[in-house]
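Student: Can you walk me through this one? I'll ask as I go.

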Amino acid sequence: MTLVIAEQQDGTLNKSSWETIAAAQQAGGPVTVAVVGADTAAAAGELASADVAEVLRVEAPALTPYTLDGFVAALGEVIAAEQPGDVFLPHTYRTRDFAPALAVRLGRALVTDCVAVKQDAGRRLFVRPVFQGRLLADVACDGPAVATFQIGAVRADTVARGAAPAPIRAVAVTVDAGAIRQKPEAPFREAKQAVDLSQAERIVSVGRGIKDQEKVALAQQLAAAIGAELGASRPICDAGWLPMDRQIGSSGQTVAPKLYLALGISGAIQHLVGMKGARTIVAINKDPEAPIFEVADYGVVGDLFDIVPAVIKELQG
Ligand SMILES: Cc1cc2nc3c(=O)[nH]c(=O)nc-3n(C[C@H](O)[C@H](O)[C@H](O)COP(=O)(O)OP(=O)(O)OC[C@H]3O[C@@H](n4cnc5c(N)ncnc54)[C@H](O)[C@@H]3O)c2cc1C
C-alpha cells in the first residue's frame with residue numbers, strides 16, 4: 001500500500017495533495033491517504049472522494065500549528081503501525097522541512113522532487129531532475145522509500161475518483177506538546193507581501209523583454225484583466241522590478257497554473273523547470289527561435305508592446 005500524506009492548513013487542502021494522490025494511483029497498487037492536524041474532518045471528507053482504500057485522520061491538539069517535531073512524532077507512529085510501502089508527499093515548503101527527519105526516523109531512503117514513478121524489470125524507479133533540470137535521473141531504492149513530488153509534475157485533475165466515498169478512519173497518536181522544540185511563527189504565505197504562486201490558477205509572467213521597470217505596469221494590467229497573479233523571470237527580480245517572491249524557476253517558485261502567459265521570457269532551463277507543469281502555456285516573444293516556444297501550447301511571435309495592449313483592449317472591450 002502506498003501512503004500519501006496530504007497537506008492541509010485550517011481545513012483547506014493544498015492543491016498539490018491531489019497531484020500526489022494521482023502520482024500514487026499511477027504508480028499502481030492500493031493507496032491510503034493520511035491527513036494530519038488538530039482538526040482534519042473537513043479535509044478528510046474532501047479526500048474521501050478519491051479512489052483510495054482509506055483516508056486516515058491523524059489528529060492531536062499539538063499538531064496545529066505545524067511543527068517538525070510534532071509531525072515526525074505523529075507520522076512516525078502512524079507509519080510504524082500501518083506498515084505502508086512507499087510514503088508519498090507533495091514537495092512543499094512544509095515537507096521540505098519535515099520529510100528528511102521523517103525518513104531518518106523510519107530508516108528509509110528519501111527521494112525528493114520526483115516527477116514520476118516507473119517500473120523497470122520489476123524495480124520501482126523514481127524519476128527526478130538533476131543538474132538544474134538538464135537531466136532526469138532514475139533513482140532505485142532497496143526498500144520502501146519516502147518520496148516527495150514536484151508541484152505540477154502530475155496533474156491534479158487526473159486523480160481517479162471513487163464510485164462511493166472512501167472509508168475514513170481516525171488514528172490515535174500521542175504527541176507530547178512539551179517535547180516539541182520548535183516555536184512556530186506565522187506561515188510563509190501569510191508573511192507581509194509574500195505570495196504563494198504555487199496555488200495560482202493563472203499567472204502572467206514577465207521577462208527581460210519588458211525592458212524597464214515602468215513597463216511592468218503593462219503586464220500588471222493584463223494580469224488584472226484576466227484575474228491572474230504576476231510572476232517573473234529571475235533578472236526582473238534581481239533588478240528589484242518585482243519582489244523576489246514573484247520569481248519562477250529553479251531558484252524561485254515552482255508553479256502549475258491552468259494558464260501561464262510568458263511575456264518576453266526566453267525560456268532558459270532554470271525558468272522552464274519552474275513552470276513547465278502549467279496546463280496551457282502561451283508565450284509572446286519577438287524571437288521565433290526562443291526556447292520558450294518549445295514548451296508553449298500557443299506561441300505569438302511579435303513585439304509584446306504591440307500585442308499586450310491589443311489583448312487588454314480586446315478583453316476590456
Ligand atoms: C543557478 C541559476 C539559477 C537560476 N534560477 C533562475 C530562476 O529561478 N528563474 C529564472 O527565470 N531564471 C533563473 N536563472 C537565470 C536564467 O538562466 C536566465 O538567465 C533567465 O531566465 C533569463 O530571463 P529572461 O528570459 O527574462 O531574459 P532573456 O533571456 O534576456 O530573454 C528575454 C526575451 O525577451 C524577448 N524580447 C525582447 N524584447 C521583446 C519584445 N519587445 N517583445 C517580445 N519579446 C521580446 C527576447 O527575444 C528574449 O527571448 C538562473 C540561472 C542560474 C545560473
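Student: V204, buried or exposed?

Tutor: V204 is buried, at 0% relative accessibility. Buried means under 20% relative accessible area, exposed over 50%, and partly exposed in between, with a 1.4 Å probe and protein chains only. This is a predicted model, where local features need pLDDT of at least 70, side-chain atom pairs count only at pLDDT 80 or more, and totals for chains, interfaces and linings use all residues. Residues are numbered from 1 along each chain as its sequence is written, and side-chain values use heavy atoms, with hydrogens and water left out.

Student: Where is V204 placed?

Tutor: V204 lies in strand 13 (residues 202–206). Strands (E, at least two residues) and helices (H or I, at least four) are DSSP runs, numbered from the N terminus.

Student: And which residues is V204 in contact with, leaving aside neighbours within four places in sequence?

Tutor: They are A219, L222, A223, I226, A228, E229, L230, G231, L261 and L263. Contact means heavy atoms within 4.5 Å.

Student: How far is V204 from A43?

Tutor: The two are 30 Å apart, C-alpha to C-alpha, and 161 residues apart in sequence.

Student: Different topic. How many aromatic pairs?

Tutor: The count is 5 aromatic pairs. Rings of Phe, Tyr and Trp (its six-membered ring) pair if their centres lie within 6.5 Å; planes under 30 degrees apart count as stacked, over 60 as edge-to-face and the rest as tilted. One of the pairs is Y66 with F71: the centres are 4.9 Å apart and the planes at 75°, so this pair is edge-to-face. Both residues are buried.

Student: What about F88 and F149?

Tutor: That aromatic pair is tilted, with 4.7 Å centre to centre and 45° between the planes. F88 is in strand 6 (residues 87–90) and F149 in strand 11 (residues 146–149), so the pair links parts of the chain 61 residues apart. F88 is buried at 1% relative accessible area, and F149 is buried at 3%.

Student: Which residues form an aromatic cluster?

Tutor: Y66, F71 and F98 form one.

Student: Now the whole chain. How many helices and strands?

Tutor: The protein chain has 9 helices and 17 strands. Its radius of gyration is 21 Å, close to the 20 Å from the globule rule for 317 residues, so the chain is as compact as a globular protein of that length. The radius is taken over C-alpha atoms, and the rule is 2.2 Å times the number of residues to the power 0.38.

Student: How much of the chain is buried?

Tutor: Of the 317 residues, 49% count as buried.
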